[in-house]
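Let's walk through this model together, starting with the whole chain and ending with a few single residues. Have the viewer open as you read.

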Amino acid sequence: MKAKAGEIVTAVKQKGKAALNKVADFLGVKKKLENIRQSVQESIADVDKSIGKIDALGTGMREARQKIANTIRAFADKPEKEYGEKKFSKTELIKKPFQAKRKLMSGILNCADATIEKT
């Protein structure tokens, strides 16, 4: 009796999986998930591009400020000053929301990838 119950459960599982696969194929679940993955990848690329632009803007602004300060120092007959890297940058604050969005999108991408593999 125990063996027969095990056979019945195994048969039901196989038929259930086959039925779920047919439903998933009919509804186009995998294709929709792949479209979601592609959209998320594009969003991640856009966020990375925005972060790069923010870094470039911050670097340009810092260099311009230093150049202006040294030009004024030269006009006042003072030696030019060497500026090192700043410990705190305002651009880091501006980048925080973009970095959080990228982290969120990466999590969504990982979930989408895992779901696509299981489908």
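A word on how to read the values. Because this is a predicted model, local features need pLDDT of at least 70 and side-chain atom pairs count only at pLDDT 80 or more, whereas totals for chains, interfaces and linings use all residues. Residues are numbered from 1 along each chain as its sequence is written, and side-chain values use heavy atoms, with hydrogens and water left out.

Now for the fold. The protein has 3 helices and 0 strands, in the order α-α-α from the N terminus. Helices (H or I, at least four residues) and strands (E, at least two) are DSSP runs, numbered from the N terminus. The radius of gyration is 28 Å, well over the 14 Å that the globule rule gives for 119 residues, so the protein is more spread out than a compact globule. That radius is taken over C-alpha atoms, and the globule rule is 2.2 Å times the number of residues to the power 0.38. Along the principal axes, the C-alpha atoms fill a box of roughly 100 × 30 × 15 Å.

What share of the 119 residues is buried? Buried residues make up 14%, where buried means under 20% relative accessible area, exposed over 50% and partly exposed in between (1.4 Å probe, protein chains only). As for contacts (heavy atoms within 4.5 Å), 80% of those with a separation of 6 or more join residues 24 or more positions apart.

Next, zoom in on helix α2, which covers residues 29–75. V29 belongs to this helix and is partly exposed, with a relative accessible area of 31%.

Leaving aside residues up to four places away in sequence, N70 touches E80, K81 and Y83.

Finally, find D77 in the loop between α2 and α3 (90–118). D77 is exposed, with a relative accessible area of 75%. The phi angle of D77 is near 60 degrees, a positive value in a residue other than glycine.
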